[in-house]
Amino acid sequence: GPTAYPSLTDQEHCSREYTITEIENCTKCPEMPDIPMVTAWHPNDEDFELLYPMYNDKDFYTSSGWRKIDEWFGSAWEYDNSMSWQVFLGGDDSGATLHWHQAALNMLYVGTKEWRLTPPSYKGFTGMPARKAAKILEESFDDLTLKCTQYAGDLIYVPESWGHLTLNHGFTIGAAVILPEVYHKFNNMSPQTEEEKSTAAAVHQPKNIPFMFVHINKTGGSSIIRMLRSRCTKEYTEETWGTNHKTFHATALSHIDHFSRKSWDRAYTFAIVRHPLARQVSNFFFLASMCKNKKKRCRSRHIPEEAMGEKMDLLTDKEKIEAFHQWMGDLYEAYPPGSPDQYLFGSLGHGNEAILSFNNTQTSWLIDEKDEIVVDNIFHLEDLSKNMATLTESIPCLGNKVKDGSNYYDDAEVSRMLKEENTHVDMIHSNRAPKYPDYKKFTKNKRTQRIMEDLFDIDYKNFGYQYEFES
């Protein structure tokens, strides 16, 4: 009908039934031809399994957007039978008109949805179409109305008693769940003392972090982190959060998600990138060197048996190069373009795998929710040892001297490590990987060339690298 549940606001249903295709095509209702139709229903078990097949997979919640819900409210499993689910479909310009209820979560699978939200003191219920209610809010209550846009894959939390309406842009499919009151922790909080209120206010203030470093794996970042730890002990922020998140290998978007956009924008932000093929070669030999003690992980990362651990030392340079190309082909078959696990082509997830945009590329480490690169400076590993002065200008504490007799590194040692990172020796976790041929010797395989062009082209373009494969 004109709203999701017309009878709740004394509205009429459309007298005819619609197919999903008719809703998508904005088929008009004879009784109300000027109002776009929207529908919602409470799914039965069969509908629910089709809509949400991963519902009973508890591991799913540790690596998806739901992890935030667990952080806020704790596990929802004990309240499973108390949750009220609904499915909604709507064509272009349709939507849910202004209403309010208990706290809810809204997921969008298809389309784009525009939201208007009003605080509890200004909540409302109306039977007018969503687009008319949205116009009134904009004209008369714009200063009291929050606005946001939800895209496919986004999860939105609407607090209890907040008024809200939605407008669909194009055909939309989504689901929502009303949360039981006992699950909503903020309904059951004991009154705060003045000291607790002061502490809570301080916790929710954006952190004043002077700089943030996006440490892409296999780009020489461990040497920079050693410098930050030894010279910027007061300024450098390291934290752990969620299931597997650490600042050590957090993407730009993970930093923003954890510390806030305001903290990110205030800070000086930087990253180091590397020639895409050189990074892949480095990654292969690093993983292979770890296989002595982690054979199960190495098999899951498709390291060839003959290259695992100490076996690599027995191979000639030609055999090492062949093993690398075999690995590239096996990875491409295991994680083809579009695979949800495609990030494993480049690294482990490190908690970033919950972000839809995270993949095998270095670019995916540096973008925000709009897929825009948002770091202030991007340094090439190949030139970094010569450009440390530029970095020190932005992070003055890097110029601090370290006391004699410490276990940290002076300028000459760091410069040496960076040069080694750029050639053949990796220093991640202070473990040197076996030396291997220069990455340019890996440029004679046509299949590897096609894979690099297919999966890493955006890195070549964004960071100004050349392919260097032999024609």
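# Reading helices, strands and salt bridges

Author: In this predicted model, α9 and α11 touch through a set of side-by-side residues: Leu-277, Gln-280, Val-281, Asn-283, Phe-284, Phe-285 and Leu-287 of α9 meet Lys-320, Ala-323, Phe-324, Trp-327 and Met-328 of α11.

Reader: What classes of residue make up the contact of α9 with α11?

Author: The contact has 9 nonpolar, 2 polar and 1 charged residues.

Reader: At what angle do α9 and α11 pack?

Author: Helix α9 covers residues 276-289 and helix α11 residues 317-334; they pack at about 100°, and their axes are 11 Å apart. Angles of 65 to 115 degrees count as roughly perpendicular, so α9 is roughly perpendicular to α11.

Reader: Now the sheet. How do strands pair, in general?

Author: Strands of a sheet pair through backbone hydrogen bonds, and the pairing is either parallel or antiparallel. Here an open sheet has 3 strands in the order β7-β10-β11, and the pairing is parallel.

Reader: Which strands are at the edges?

Author: The edge strands are β7 (211-214) and β11 (377-380), each of which pairs on one side only. From one strand to the next, the twist averages 25°.

Reader: How many bridges join β10 and β11?

Author: Strand β10, residues 268-273, pairs with β11 in the parallel sense over 4 bridges. As one case, Val-273 has His-380 in β11 as its bridge partner.

Reader: Which helix packs on the sheet?

Author: Helix α6 (residues 221-231) does, touching β7 and β10. The direction of α6 makes about 155° with that of β7.

Reader: Where are Ser-161 and Lys-218?

Author: Ser-161 is in the loop between β5 (155-158) and β6 (163-178). Lys-218 lies in the loop between β7 and α6.

Reader: Is Ser-161 buried or exposed?

Author: Buried means under 20% relative accessible area, so Ser-161, at 19% relative accessibility, counts as buried. Lys-218 is buried too, with a relative accessible area of 3%.

Reader: Which parts does the salt bridge of Glu-369 and Arg-261 tie together?

Author: The side chains of Glu-369 and Arg-261 meet at 3.8 Å, N to O. Glu-369 lies in the loop between α11 and β11 and Arg-261 in helix α8 (residues 261-266), so the pair ties together parts that are 108 residues apart in sequence. Glu-369 is exposed at 52% relative accessible area, and Arg-261 is partly exposed at 30%. Both belong to a network of salt bridges that links Arg-261, Asp-265, Asp-368 and Glu-369.

Reader: Where do Arg-447 and Glu-333 lie?

Author: Their side chains meet in a salt bridge at 3.3 Å, N to O. Arg-447 lies in helix α15 (residues 446-463) and Glu-333 in helix α11, so this pair ties together parts that are 114 residues apart in sequence. Arg-447 is partly exposed, with a relative accessible area of 37%, while Glu-333 is exposed, with 59%.

Conventions: Residues are numbered from 1 along each chain as its sequence is written. This is a predicted model: local features need pLDDT of at least 70, side-chain atom pairs count only at pLDDT 80 or more; totals for chains, interfaces and linings use all residues. Side-chain values use heavy atoms; hydrogens and water are left out. Axes are lines fitted to C-alpha atoms, for helices over the stretch in contact, and angles run from 0 to 180 degrees between N-to-C directions. Helices (H or I, at least four residues) and strands (E, at least two) are DSSP runs, numbered from the N terminus. Angles under 35 degrees count as roughly parallel, over 145 as roughly antiparallel, 65 to 115 as roughly perpendicular and the rest as oblique. Contact means heavy atoms within 4.5 Å. Ala, Val, Leu, Ile, Met, Phe, Trp, Tyr, Cys and Pro count as nonpolar, Asp, Glu, Lys and Arg as charged, and the others, Gly among them, as polar. Two strands pair if DSSP finds at least two bridges between them. Buried means under 20% relative accessible area, exposed over 50%, partly exposed in between (1.4 Å probe, protein chains only). A salt bridge is a side-chain nitrogen of Lys or Arg within 4 Å of a carboxyl oxygen of Asp or Glu.
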